[in-house]
Each structure stands twice: as C-alpha cells, then as structure tokens.
Amino acid sequence: MSRGNFLVTGVVLLLVTGITRAQFNIPSIPSINPFHPSAPSTPSAPTTSSINDSTLNGVVEMAKGATGISLADEMKIGGAVAVDIVARNGGLVKDEEINHRVILIGKSLSTYCARPELNFRFAVLNSDSINAYSAPGGYVFITRGLYNSAANDQELAAVLAHEIEHIVKRHALKVISRGQFMKGLFDAGGSITNTSAFDSGVQSITDTLFTKGFDPSAEFEADKEGRSLAAKVGYERSALLDFLQQLFKTEGDSKEAFPTHPPLSHRIERLEK
Amino acid sequence: MRRYVLILGILATVSLATAAELEAGHSAYVIHDGQPLLADKDPDAATVAKLKSHHEYQVIAISGKWVQLQAGSNTGWVYSGNVSRDEPPEINTSSLKTEASATTLNAAARGLDDDAKGYAKRQGNSESASDIEWMEKQNDAVSKADVKAYMKEHKLGEYQ
C-alpha cells in the first residue's frame, strides 16, 4: 500500500471509529487511569490495524456494557462509593418531605433512562456546598446547598438527570480498569477475595469524584444527555441552562459551585450551542 | 480514490440511518422488558400484549409522543420515551449471587451490598453505611404507584 493510500485509509477508519463512538454514545476514555498514572491521556497515532482493533473493541465494549463490569459488581462498587460520598458530605438531610420531593422527581426521570435494570435511589447530602454526585449502581445525591439554590422542580430535575446520565454512561466505572481491578477480586460466588484491591479501586473513583473530576467530555455528555432525558420526561429543556446561568451570575467561574466540574461558563457555552 | 468516496458514502448512509429518529416502517425496541403494548394512546388503555426488550418491532405509525408498534398479530401503542431506535445493551449478569439472579431488577434492589458495608467498616464509616440504608428505605417507600400519581399530577412522561 502506498503512503498516500495508507493515510486515506487511516482517515476513513478514524471516521468509522468516530461515528461508531458518537452513534452509540460511547464517551471518550477518561484521561486519568489511577492504575496507570503514566498512561498517556490521548493514544499515540494509531496504525491501520490498531484503528481496526479499536473499532472492534468499541463494539465489543458496547455489547458488554462498555466496562465489562457485571451488574452485581457494579452494586458493590457503587455502594462503597456512595458510603464515601455520604461520609465526606456530613451525612444525609433526614427530612422526609425534602427527600420525598427529590425521590419523586428522580424516579420520574429514571423511569425513562437507558438503564431500566437499575433501581435508582436519591438523597440530599447535609452540605452547604452547591454540588451533586452519583455512584455506580444508581445512587444519586444532591447537596442541601444545591437543593436550596434550585428555583423549582424543573431545575432539580435538570441536575438529577445529569447525574443519572453519569450512571447510565458508566462514567465512574470507566475510571477503573477492569483488567487491573477485577482480576481475581471476586470468588465464584461473587464475594470479594482481595479487600485491599477493592478498597483501592473504590478510592480511585472517589478520588476522581472529589479531587480531579471526570474528564470534561464526560461532563459535557452528561449535560447533553441529561437535558434530553429531562425533556423526554416533560421537564423544561432549558432548565439546566437556566440553573447554570443563575449560578454563574452569583458564583462566576470561582469553582464554589460544582468545584470538580468544568467551569460554569464552559458548560453554559456548550448548552447554548 | 473512487473506492474511498464509495466508503465515505456508505459510512454517511450508515450514520444517517442510525441517527434517524423513530420512523414509520423502521424497526424499534422497547427499553423495558414486559413493556405493555396498549390498545390506545392512553397510559390507562387496555394492554394487548407484553413486549420484550431485546426484540425488534416494526413501527407502524407515530402520533405525537406515541408510537404504534406491530407485535406479531397485535398492534398497539407505546409512549415514545419507552421506545428506542437502538437495541438496549445486554446486561452483564455474571457473578450475580444465586438468590438475586432470578431477575436483574431484584439484584439491583436488594439494598446496600454486604461488601459495601464491609468497605464502610474498614474505612470507619459505618455511620454513613447506616445513612445509605436509611436512604434505601426512603426510596423503597416511594412506590411505582406514587411515581405514577406524581407524573399524572404534573403531566409528565406518558401523562403529558
């Protein structure tokens, strides 16, 4: 094959890969892999065969739920991550009226999400900060500060839908490498055999949630898909943008609100397109 | 060069076909296993059949937010939020424990996992594990009927 033909083939295959990822909403691989901190965030220029492999892997990944982590394992990991989220945010607001409102909005949304096999659960964290979190397996949290900042059900729905989409797209699970994390971790009955490896994997997720944040592309994807989910259910499509714009007026890009997310102005800009 | 133009053409066609919205004459999937196929465009209409989540159905017509599907000899309606152009991903149920393997929903609804409780204990966060169990109870106390009533009241989902 001549060099020219090789280059054209490469471009065509890159397009195939791009289309495949976009069509099936497979997000980009997070730039930080806690088990391989030195791994480059962007793959080096691929060869023709490696592009073919990545396309094939993309399809296989999709068929396995993108991570290869089973539902039962996701529940274990998610439960442990949820424990850390609650521990780091002062516990839960145990006001039944507040929780009832959030749960009804959240369950209305999750009824129509792309992972109906999950039992989504919603709660309010006892923290003044303006933030929201999700953990694998269906755990969704908003802080008391966020709850009080939202003007109405529409804005609460917008934030909850964003967090639901993080779970649907398995963004947190993609932080850990199945090959490193899952190998030999569970016995045939599904019980953990190596607690230190499990704990380390869970902490790599919580480290991402609390310190580094997801890859910006994952956040933008959750904004976009969450807005679609909220609109599908009948909430106002503009509610997320309205909420972020209102926050931007008071907080700017100071990182007081959603500190581990991309700057508010970047999210607003994307949603306005 | 013509070969590459042809490849790009095929890719563009595939891309457009996949990205297309639900359309009469095309196939579609339902997102919930056991999705009721309704006799009319009304969430309270009679169920004419139960649909399977990984089965391809023919779209007969689209009317507002409702999709008319053909399921064998039955024809009926499903709210568009429950219909997808793409097949839902397979659920990886490997390593589900025996008692939970009957249905994936049961597996996902059995409360805070014992291994997660063990993690909480090792981290000195047993109080947070108790909070999660409180959260589970609060959520379990909100039934599907409660959600349905809320959606009816606020004209959400299939009650729009």
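**Reading a sheet and its surroundings**

Mentor: Let us start with one pair of residues: in strand β3 of chain A, Thr143(A) is the residue that stands opposite Leu125(A). The model is a predicted one, in which local features need pLDDT of at least 70, side-chain atom pairs count only at pLDDT 80 or more, and totals for chains, interfaces and linings use all residues. Residues are numbered from 1 along each chain as its sequence is written, chains are lettered from A and ligands numbered from 1 in the order in which they are written, and side-chain values use heavy atoms, with hydrogens and water left out.

Trainee: How many bridges join β1(A) to β3(A), and do these strands run parallel or antiparallel?

Mentor: Strands (E, at least two residues) and helices (H or I, at least four) are DSSP runs numbered from the N terminus, and two strands pair if DSSP finds at least two bridges between them. Here β1(A) and β3(A) run parallel and are joined by five bridges.

Trainee: What joins β2(A) to β3(A)?

Mentor: Strand β2 (residues 132-135) and strand β3 (residues 139-143) of chain A run antiparallel, joined by four bridges, and Ala135(A) has Tyr139(A) of β3(A) opposite. The two strands form a hairpin with three residues between them, and in its turn Gly137(A) has a positive phi of about 90°.

Trainee: In what order do the strands lie in the sheet?

Mentor: The open sheet has three strands in the order β1-β3-β2 (chain A), with mixed pairing. Because β1 (121-125) and β2 of chain A stand at the edges with a single partner strand each, one side of each is left without a neighbour in the sheet. Neighbouring strands are turned by 20° against each other on average, direction ignored, where axes are lines fitted to C-alpha atoms (for helices over the stretch in contact) and angles run from 0 to 180 degrees between N-to-C directions. Helix α6(A) packs on this sheet, touching β1, β2 and β3 of chain A, and its direction makes about 140° with that of β3(A).

Trainee: Are the residues of β2(A) buried or exposed?

Mentor: Buried means under 20% relative accessible area, exposed over 50%, and partly exposed in between (1.4 Å probe, protein chains only). In β2(A), Ala132(A) and Ser134(A) on one side and Tyr133(A) and Ala135(A) on the other are all buried, and both faces are covered. By contrast, Ser228(A) is partly exposed, with a relative accessible area of 32%, and its place is in helix α9 (residues 216-233) of chain A.

Trainee: How many residues does the largest nonpolar core have?

Mentor: Such a core is a set of buried Ala, Val, Leu, Ile, Met, Phe, Trp, Tyr and Cys residues joined through side-chain atoms within 4.5 Å. The largest one has 57 residues, and Leu109(A), Phe120(A) and Ile164(A) are among those with the most contacts inside it. Helix α6 (residues 153-168) of chain A gives the most to this core, with nine residues. A second, separate core of 37 residues includes Ile85(A), Phe141(A), Ile205(A) and Leu112(B).

Trainee: Which residues does Ile164(A) touch?

Mentor: Contact means heavy atoms within 4.5 Å. Not counting residues up to four places away in sequence, Ile164(A) touches several residues, including Leu109(A), Phe122(A), Val140(A) and Leu229(A).

Trainee: What is the mean pLDDT of chain B?

Mentor: The predictor's confidence in each residue, from 0 to 100, is called pLDDT. For chain B the mean is 83, and 76% of its residues reach 70 or more, although pLDDT stays under 50 over residues 8-20 of that chain.
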